[in-house]
Amino acid sequence: MPLVEHLRELRNRLAKGMLAITVVSVVVAFYSQDLMSFLMHPVPRCTKGLGESTGGHCAVIAYTDLLSPFTTTVKVCFMAGVIISSPVWLYQLWAFIAPGLHKHERKYTYAFVAAAAPLFLAGAWLAYTILPISMRVLLGITPEGSANILPMDKILDFIVRMILIFGGAFELPLLLIMLNFVGIVSGRRMLGWWRGVVMGVFVFGAVATPTTDPFGMIALAGPIVVLYFIAVGISILNDRRRGRANPDAELDDDEASSLDLTPQALDDVEPVPAASALPEGAGVDGTHSGKYNGYDDIT
């Protein structure tokens with residue numbers, strides 16, 4: 001299609017995706033109270049008011065200004081609309097890109113998307129599961145006689161950040177498998193990185209999780225390490241499959257492949273008749289002599 005047609009198609013598909021997000025967000029707004037309760041569930045709340053919120057035992061959830069309840073609810077509904085309507089706008093994006101891909105590229109895309117979604121959801125579920133423990137640890141630092149007043153927008157930002165960190169970290173093994181399938185890194189090389197990867201994953205877990213206890217770090221780093229070794233195993237199996245199909249697949253660009261120097265039998269030589277009709281081969285008397293300058297034919 002011409003460029004204008006591509007831009008028109010992109011506009012239409014973006015409009016469909018935004019329409020789906022808007023409709024779902026409006027529907028979610030009717031259940032905003034349930035959704036807000038779901039998000040506030042990990043917070044150990046004080047049941048008897050601010051006067052009982054001493055030390056790090058519980059907290060009071062508050063809104064810091066007049067518009068904060070409205071803006072926070074709108075933000076939560078919009079985020080829920082983006083997540084719930086993701087099959088619609090992801091399909092619109094895919095329908096715009098897919099015609100430019102080859103058949104095998106589309107097959108790999110289906111496989112990686114099918115694996116990426118469950119991995120992200122698993123990371124998000126793990127983040128939400130350890131949120132109560134993380135919040136209790138953080139609130140436990142509060143000295144006695146002090147109250148914990150948590151703005152709702154700060155709680156929302158904290159929960160979203162934890163979910164994105166855990167969900168994105170669970171995609172790391174899938175990225176390594178993708179690099180192996182395109183031939184950038186081999187499974188044997190990834191296996192040689194295991195000490196540095198394990199160390200780096202635990203350091204990342206300690207930095208990414210806001211808690212000071214080792215539970216959050218282990219909860220994030222442990223599954224990633226397991227998924228890393230699963231990715232290494234899949235990559236090694238893929239390298240073996242590729243090696244059976246092409247023995248030279250593991251060679252570097254500057255490494256010569258082995259040559260088979262075994263002599264092969266030649267077929268029978270097909271005789272080539274002399275070019276008797278060429279005028280250069282004719283004798284002085286006009287008859288053909290079969291030779292030209294002492295050779296059998298002109299060649």
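Phe 30 is exposed in this predicted model, with a relative accessible area of 71%; exposed denotes over 50% relative accessible area, buried under 20%, and partly exposed in between (1.4 Å probe, protein chains only). Phe 30 lies in the loop between helix 1 (3–29) and helix 2 (32–40). Helices are DSSP runs (H or I, at least four residues), numbered from the N terminus. Together with Leu 19, Val 23, Val 26, Val 27 and Tyr 31, Phe 30 forms a nonpolar surface patch with about 660 Å² of accessible area. Such a patch joins nonpolar side chains within 5 Å, from residues with over 30% relative accessible area and no salt bridge (a side-chain nitrogen of Lys or Arg within 4 Å of a carboxyl oxygen of Asp or Glu).

Residues are numbered from 1 along each chain as its sequence is written. Local features need pLDDT of at least 70 and side-chain atom pairs pLDDT 80 or more, while totals for chains, interfaces and linings use all residues; side-chain values use heavy atoms, without hydrogens and water.

In helix 9 (residues 194–208), Val 201, Gly 205 and Ala 208 are the buried residues. They lie on the same side of helix 9, because they cover an arc of only 80° around the axis, taken from the directions from the helix axis to the C-beta atoms. Arg 195, Gly 196, Met 199 and Val 207 are exposed on the other side of helix 9.

Note on methods: Patch = residues over 30% accessible without salt bridge, like charges linked within 9 Å, V, L, I, M, F, W, Y side chains within 5 Å. Areas by Shrake-Rupley, 256 points an atom, 1.4 Å probe, with all protein chains shown as cover. Helix = DSSP H or I, 4+ residues; strand = E, 2+ residues; numbered from the N terminus.
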